[in-house]
Amino acid sequence: MRRSLAIISANPMSLTGVILIALVVVSAALADFIAPFPAHRGAVVDFANFNQPPKWPNIMGTDLVGRDLFSRILYAYRISLILGVVVLALAVPVGIVAGLAAGYIGGRTQFVLMRTTDVFLSIPPLVLAMSIMGVLEPTLANGMMAVTAMWWPWYSRLVFNITLAEKEEGYVLAAELIGASRLHIMFREILPNCLPAIITKMTLDLGFVILIASSLSFLGLGVQPPTPDLGSMVAQGASYLPDSWWLTVFPGLAILVAVFGFNLLGDALRDILGADR
Amino acid sequence: MTSIHLALRSVSKSFRVGARSVRAVEGISVEVAEGECLAIVGESGSGKSTLANLVLGVYAPDAGSIMLDGATLPARRSLANRRMVQLVQQNPLSSLNPKRTVGASIRLSLDVHGIGKPSSRASRIGWLLEEVGLPAEFAERSPAALSGGQRQRVAIARALACESRLVVLDEPTSSLDVIVQARILRLLKDLRAARGLTYVFITHDLAVVRNVADRVMVLKEGARVEIGETARIFTCPEHAYTRGLIAASPVIAQEEQDLRDRLRQGIG
């Protein structure tokens, strides 16, 4: 723990990442208390005050129906984070099981699992998600499913490659000679050695999931109005550039802060978790 | 008269390398008595590791049979078969899982084979560690916190945890420095005496062989060159290949040179 703190504070970029992500998480978690207009997360209109540039009390301006942008960005963060966490919570276990089984058991199991992985990896991610969202109704739950479907193969590749290397290690042979089960060897012996790489990748990916979810909603295939979403906010504001710049700049900056923060945090974690190997 | 613990009956094994098949072990027969230490020596590629893996059941022989305590081992080993023979590997850095504590690594053997009551396993791990000369508190440590010699002691404790009487030692000291090497060899000797263990000692280090083995089997290209009492192999090797091997061992060649020098001085 003390070593982790030392690594983070020694590197200004890591420290920046920690601070940015702390800000994002706190503002998402405490949106109800921080947001000056909590009601503006929903279908509220205030035409007397629409499309206003930043000024007190709307520090980031108001949108086309007069809702406070700052409040909506806080709630959009909450949805982005939930989406990111749910997607990874679904995709990572699937990828781990597929990668471990393919790498450790090998043979036909490996062939089937890794060729399936390759098929998913060969489709451009946005195209895959778009086609899923095109077939299904564009709701938050379906959006999560679409992003999950394109995300697990990356983990299955990662875990597969580590497993291939780890299964040559003597501790795997030792466990086999003792007579330990395949499940024990995969999940209790090999998996702990994959975790540092998995955790690092998850942190980096939280940023990318938020980005891809924003891209989907930018294309109108993600979260639907009136639910606040960073991608759709940028999309709606785009036609009013450059005059109503606040409509795109603030949600865009919000995406940038989250993605950048998770990237820096991921790099810091790589230093912390990778060093003991 | 001691009984035969391990017997190999014309065991062969080949591997497919690309399109052709390479004979790794060819028609090896050998018997190891209860409590004996048989050293298997040879250059790299002589088939000594393949032979060790066959005894351990990593793979099954193509031809011939392997018998333990008079019973032929099946191609697919049962849990009970596995418990009868254990391995100590060359590199303890790799043979212990870096993400598990020393205690967890030893405990696996106890859990898999249901040795002792679950509640008594922690103290059993402590005894095993003390038996190999480590404090029982080491159970909580990670392998990274141990020295090379300490790690090898843990690996030995793990092999003992199954209560196997046959232990395959695959170059157990060659990754250690000389002083630690001597201590580990001492420990292996003591354990053999205390527990009545049978050793199959794979090595290319002839100095170690002379120190620990009762008999030596020399392998070349998968076939047996010769086998005999350790003292006999070193003093009057029958085969030219064995003589070459002994001459190539720097320590032993030097010792013999010294002996000859001393003899000459005594005469002169």
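Me: Before we start, what is a nonpolar core here?
Reply: A set of buried Ala, Val, Leu, Ile, Met, Phe, Trp, Tyr and Cys residues, joined through C-beta atoms within 7 Å. Keep in mind that this is a predicted model.

Me: OK. Which residues of the largest core touch the most other members?
Reply: That core has 146 residues. Val147(A), Val209(A), Ile40(B), Val55(B), Val168(B), Val200(B) and Phe201(B) touch the most other members.

Me: Which element gives the largest share of this core?
Reply: Helix α4 of chain A, residues 69–105. It supplies 20 residues.

Me: Back to Phe201(B). What does Phe201(B) touch?
Reply: Leaving out residues up to four places away in sequence, Phe201(B) touches Cys37(B), Leu38(B), Ala39(B), Ile40(B), Leu169(B), Val212(B) and Ala213(B).

Me: And how do strands β3 and β8 of chain B pair?
Reply: In the parallel sense, over 5 bridges. β3(B) covers residues 37–41 and β8(B) covers 198–203. Within that pairing, Leu38(B) has Val200(B) as its bridge partner.

Me: What is the strand order in the open sheet of chain B?
Reply: β6-β7-β8-β3-β9-β10, so 6 strands with mixed pairing. Neighbouring strands are turned by 20° against each other on average, direction ignored.

Me: Why is one side of β6 and of β10 left without a neighbour in the sheet?
Reply: Both stand at the edges and each has a single partner strand, so one side of each has no neighbour in the sheet.

Me: Which strands does helix α10 of chain B lie across?
Reply: β3, β9 and β10 of chain B. The helix spans residues 240–248 and runs at about 105° to β9(B).

Me: Now the interface. How many residues of chain B are in contact with chain A?
Reply: 21 residues of chain B, against 13 of chain A. On the chain B side, α2, β6, α3 and α4 each give two or more residues. That side divides into 9 nonpolar, 7 polar and 5 charged residues.

Me: Last one. What about chain B overall: how many helices and strands?
Reply: 11 helices and 10 strands. Of its 268 residues, 39% count as buried. The C-alpha trace spans about 70 × 50 × 45 Å along its principal axes.

Notes. Residues are numbered from 1 along each chain as its sequence is written. Chains are lettered from A and ligands numbered from 1 in the order in which they are written. This is a predicted model: local features need pLDDT of at least 70, side-chain atom pairs count only at pLDDT 80 or more; totals for chains, interfaces and linings use all residues. A residue is buried if 20 or more other C-beta atoms lie within 10 Å of its own, exposed if 12 or fewer, and partly exposed in between; C-beta atoms are placed from the backbone. Helices (H or I, at least four residues) and strands (E, at least two) are DSSP runs, numbered from the N terminus. Two residues are in contact if their C-beta atoms, placed from the backbone, lie within 7 Å. Ala, Val, Leu, Ile, Met, Phe, Trp, Tyr, Cys and Pro count as nonpolar, Asp, Glu, Lys and Arg as charged, and the others, Gly among them, as polar. Two strands pair if DSSP finds at least two bridges between them. Axes are lines fitted to C-alpha atoms, for helices over the stretch in contact, and angles run from 0 to 180 degrees between N-to-C directions.
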